[in-house]
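Hello,

Here is the structure I promised to pass on to you. Please have a look at it first, and then read my notes below.

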Amino acid sequence: MAAAELHLRPATALGEEELARALERAYEDYVVPFAMDVDRLRRHVDANDVDLDSSLVLVDAAGDVAAVALLAVRGERGWIGGFGVTTPFRGRGLGHRLGALVEDAARQIGLRELQLEVFVQNDRARRVYDAQGFEAVREVLILTRPPSGPPTPASLPVPATDPSVVLSTTRPDPDPVWQREAAGVARVDGVQALVTPDASAPRGAMLLLDGAAGALVLDVWGDAEAARALTTELARSRPDAAATLLNEPDGSPALPGLLAAGWREAGRQVEMRKRLG
Ligand SMILES: CC(C)(COP(=O)(O)OP(=O)(O)OC[C@H]1O[C@@H](n2cnc3c(N)ncnc32)[C@H](O)[C@@H]1OP(=O)(O)O)[C@@H](O)C(=O)NCCC(=O)NCCS
């Protein structure tokens, strides 16, 4: 089918089930396994400020989804939090068209900047974003850590604390990646916080979520020593849990400590941004 015969709709034209299914189809053969359902979609929308009215889908005459783009909004900044073309429609320029459409949607609601992350090996997506004028800002890592086995004593006392204390404390990185911004993390149900001593002015902190697949670290900051101590406590308190950490900026002060404490690089993304005017 020619791309011109596709119809542009807001993502709200689909029900939640349909949208979750459309995203799964748009992420077929992705760089990493991608699973979406209504619960995951709701959490993604809530934590990341996805604006479904400004997000869009392209559908064919039969109502089949050809492409989906999710646009998240914070002030005058936008983040592309989902972007894909379903396999029957790939390789015909639709990725480029979708990129232009999401940028139009961002301009229409007055956004001045768009940002996104793309896996370094995702050449097709990268060609779309490069052609559109996005510029690479930094690389961010996905780190994983296997379960550590039986508990060992902590090297430093690392207390669990109230996440709101940590979230209200000034984070040393003034420009965290989108999914780590405190505004969003504060809205995630069940977040646990670990801090290095002196909770009133933490030298380092880790925010995490315990789940069936292990511990998901939503954010960590501090110097290398703090990152090591936080990981030691994570491993001591959750000896049977594997752990995943999203979007650690390459070259961050914490990274050497994380690697020394057994975290390993499992993926690398490029953060890209484009000024809109
Ligand atoms: C990335 C994606 C959206 C591209 O959509 P698409 O409609 O296939 O892309 P287009 O036809 O517009 O082509 C985009 C570029 O990829 C290239 N490309 C397309 N298919 C390709 C293939 N099979 N192998 C290599 N390059 C390919 C095109 O040549 C084009 O580059 P160019 O304009 O410099 O020549 C699509 O592959 C997809 O949905 N992938 C899974 C989800 C995903 O990766 N999303 C991005 C998240 S950041």
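Let me begin with the ligand. Its shell holds 20 residues, and those that come nearest are Phe 83, Val 85, Gly 93, His 96 and Arg 127 (a residue is near if one of its heavy atoms lies within 4 Å of the molecule).

Two points on the source before I go on. This is a predicted model, where local features need pLDDT of at least 70, side-chain atom pairs count only at pLDDT 80 or more, and totals for chains, interfaces and linings use all residues. Residues are numbered from 1 along each chain as its sequence is written, and side-chain values use heavy atoms, with hydrogens and water left out.

A backbone N or O atom of Val 85 is 2.7 Å from an oxygen atom of the ligand. For Gly 95, a polar backbone atom lies 2.9 Å from a ligand oxygen, and for Ala 26 that distance is 3.3 Å. On its own the ligand has 940 Å² of accessible area, of which the protein covers 73% (Shrake-Rupley method, 1.4 Å probe). Strand E4 (77-85), helix H3 (94-108) and helix H4 (123-132) each give two or more residues to the shell, and H4 provides the largest share, five residues. Helices here are DSSP runs of at least four residues, strands of at least two.

Next, the domains. The domain assignment of the protein chain gives domain 1 (3-133) and domain 2 (142-272), with 29 Å between their centres, taken over C-alpha atoms. Their contact (heavy atoms within 4.5 Å) takes 21 residues from domain 1 and 14 residues from domain 2.

Ala 136 is in strand E6 (residues 135-145). Leaving aside residues up to four places away in sequence, Ala 136 touches Arg 126, Val 270, Glu 271 and Met 272. Val 270 is 134 residues from Ala 136 in sequence, yet the two are 6.3 Å apart in space, C-alpha to C-alpha.

Finally, two backbone angles. Most residues other than glycine have a negative phi. Asp 29, however, has a positive phi near 60°, and so does Asn 247, at about 60°. Are these two residues buried or exposed? Asp 29 is exposed, with a relative accessible area of 63%, whereas Asn 247 is buried at 2% (buried means under 20%, exposed over 50%). Asp 29 sits in the loop between helix H1 (16-26) and helix H2 (38-48), and Asn 247 in strand E11 (residues 243-249).

Best wishes

Technical notes
A polar contact is a pair of N or O atoms within 3.5 Å; within protein, one must be able to donate a hydrogen and the other to accept it, and residues adjacent in sequence count only if both atoms are side-chain atoms. Domain bounds come from an automatic or database domain assignment. Buried means under 20% relative accessible area, exposed over 50%, partly exposed in between (1.4 Å probe, protein chains only).
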